[in-house]
Structure formats: C-alpha cells, structure tokens
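Subject: A structure for you to explore

Hi there,

Here is the structure I promised to pass on to you. Have a look around it first, and then read my notes below.

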Amino acid sequence: MPDLHIPASAGSHQSAFLAVPPVGDGPFPGVVVLQDAFGLRGTLREHTERLAAAGYLSVAPALYTARGGGPRCIAATMKSMTTNTGPVFDDIEAARRWLAGREDCTGRVGVIGFCQGGGFALISAARHDFAAAAPNYGRVPDDAERELEGICPVVASFGGKDPSLKGHPERLESALTALGVEHDVRTYPDANHSFLEPMPPPLAVFGLGLHRPSAEDAWGRILRFFDTHLRRETA
C-alpha cells in the first residue's frame, strides 16, 4: 500500500505507512509501529507488514515529517528520546486515534517500537489509551515507576550485549512489578542493540543489528502477547 498522510498534533500531518491484513474484512485490532533513529525505512515497513500478516491493522507514522519535517523536527524528536517530553508524544497519540477511528479497526490498539521508538512506545503506553505495548531495546526512564504509572500490559525485549542499556531491563521489570502491571521482560544474552533488524555495514561491524534466533523468539513472544491483549474484546 502506498504511503499516506495522517493527522499529527496541533492540526499538522505526518507521512505514514499503512499495512492492512491480507485475509478477512475486519474490523481488526490495530498497532502503531514506531521508528528507530533511521526513520521510516524499509525495515520498519517490513515490521509493519509482518504485523499485518498476523492480523493487525498497522500504521507506522514517519515521526520526522510532522510539523513540516526538516532538521529542526528531527532534532526535536531526538531530544524527546531522552527527556520524555515534546510534541512527538502528541503525534503518536494522533496516530493512535486515527487508527482506532477507522471502520476496519476494532478500536483496540497496541504500540510497538524499536530503539528510540521503543522508548517512545513505553512512555506513550503510560500516557495514552493503548491496550498493549512492545518496547524493544528502548530507553527506560530513571524514575520508571513514576513515569509508567497507568501503563498497559508490556512485552519488552533487550540485548544482553547492549552496553547502552545496561540496567534498563532490570529497572523496567522492577517498575512494572511494583505497579502490578502484567509484563514479559526478557534479555537475550547473545543479542546486541537493534537485534530485531539489520543495520548498515558500519554499525554491523560493531556487532549491532540482527541476531536471528533472538529476533524470532522475541517476535513469537510479541505476537502471543498481542493476541492475548489486543484480541480480548474481539474473540
């Protein structure tokens, strides 16, 4: 399906990629798919199509294109990754509302993210009406128990060889346990950062990128978790 434009915050628009389940007429549960630092590239489209093939109406908003795009929008989005503030979270909520409001969506929507999108997914799931969240190797806020109060069920995946997120899986596990939130947090000992997706050669040299056994296991957990929490009211 070709790219389209969907609402963003403050009356603006953002580019997006929509993938519709190939079987059935719907309505389908939905998933908002959030980009890594490289934006709406081919790998993110593949993730979106994989979710559609599993029966989820899935949309990947190009977060760098909201409010006119360009370097300033990219810089603001990057900053939001560490501050957990900024209009990017309103853009994500606009994407959720747009998806939930479609006639071919049940209104029950999950969120999945990768790298910076994993961090965005985690915070958005606490602030907005998502039914399940799948943050993958995303930053966990320092005061996780406070920041994540009210969050939906979470299935999270990290790489054991990822030095950039040392201690983050444990912090997330502790916060979700304290909050009484259903969760599945797993660290894959043989995987590094971005283990669910191929990385460009310069990054792959440093061990970043796809670790297929870990990736396939993580996808299995994600889809089973989504099946439980996103289809609950439509079964």
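Let's begin in the loop between β6 and α5, where you will find Tyr-137. Please keep in mind as you read that this is a predicted model. Tyr-137 has a positive phi of about 40°, although it is not a glycine. Is Tyr-137 buried or exposed? Tyr-137 counts as buried, because its relative accessibility is 1% and the cut-off for buried is under 20%.

Now turn to the partner of that side chain. The side chain of Glu-197 makes a polar contact with the side chain of Tyr-137, at 2.6 Å. Glu-197 sits in the loop between β8 and α7 (201–204), and with a relative accessibility of 1% Glu-197 counts as buried too. Which residues does Glu-197 touch, if we leave out those up to four places away in sequence? They are Asp-36, Arg-41, Thr-43, His-47, Phe-114, Tyr-137, Gly-209 and Leu-210.

Two residues from that list also belong together. Asp-36 forms a salt bridge with Arg-41, and their closest N and O atoms are 3.2 Å apart. Both Asp-36 and Arg-41 are buried.

Next, zoom out to the sheet. It is an open sheet of 8 strands, and its order is β1-β2-β4-β3-β5-β6-β7-β8, with mixed pairing. At the edges are β1 (4–7) and β8 (183–188), each of which pairs on one side only. On average, neighbouring strands here are turned by 25° against each other, direction ignored. As a reminder from class, strands of a sheet pair through backbone hydrogen bonds, either parallel or antiparallel.

Which residue of β5 is the bridge partner of Val-32? The partner is Val-111.

Now follow the chain into the loop between β5 and α4, where Cys-115 lies. Cys-115 is another residue with a positive phi, about 60°, although it is not a glycine. Cys-115 counts as buried, because its relative accessibility is 18% and the cut-off is under 20%. Helix α4 (residues 116–127) lies across β3, β5, β6 (132–136) and β7 (154–159), and runs at about 135° to β5.

There is one more backbone detail to find. A cis peptide bond joins Gly-26 and Pro-27, with omega at about 5°. For comparison, most peptide bonds are trans.

Back to charged side chains. How many salt bridges are there in the model? The count comes to 14, and I picked out a few for you.

Within helix α3 (residues 88–100), Arg-96 and Glu-93 are 3 residues apart, about one turn of the helix. Their side chains meet in a salt bridge of 2.8 Å, N to O. Arg-96 counts as buried at 10% relative accessibility, and Glu-93 is buried with a relative accessible area of 10%.

Another salt bridge, at 3.8 Å from N to O, is made by the side chains of Glu-147 and Arg-127. This pair links distant parts of the chain: Glu-147 belongs to helix α5 and Arg-127 to helix α4, and they are 20 residues apart. Arg-127 is partly exposed, with a relative accessible area of 38%.

Those two residues are part of a wider group. Arg-127, Asp-143, Arg-146 and Glu-147 are linked in a network of salt bridges. Arg-146 lies in helix α5 (residues 144–147), and its side chain makes a polar contact with the side chain of Asp-143, at 2.8 Å. Why is Arg-146 called exposed? The reason is that its relative accessible area is 52%, and exposed means over 50%.

Happy exploring, and write back with any questions!

Best wishes

Key
Residues are numbered from 1 along each chain as its sequence is written. This is a predicted model: local features need pLDDT of at least 70, side-chain atom pairs count only at pLDDT 80 or more; totals for chains, interfaces and linings use all residues. Side-chain values use heavy atoms; hydrogens and water are left out. Two strands pair if DSSP finds at least two bridges between them. Helices (H or I, at least four residues) and strands (E, at least two) are DSSP runs, numbered from the N terminus. Axes are lines fitted to C-alpha atoms, for helices over the stretch in contact, and angles run from 0 to 180 degrees between N-to-C directions. Contact means heavy atoms within 4.5 Å. Buried means under 20% relative accessible area, exposed over 50%, partly exposed in between (1.4 Å probe, protein chains only). A polar contact is a pair of N or O atoms within 3.5 Å; within protein, one must be able to donate a hydrogen and the other to accept it, and residues adjacent in sequence count only if both atoms are side-chain atoms. A salt bridge is a side-chain nitrogen of Lys or Arg within 4 Å of a carboxyl oxygen of Asp or Glu.
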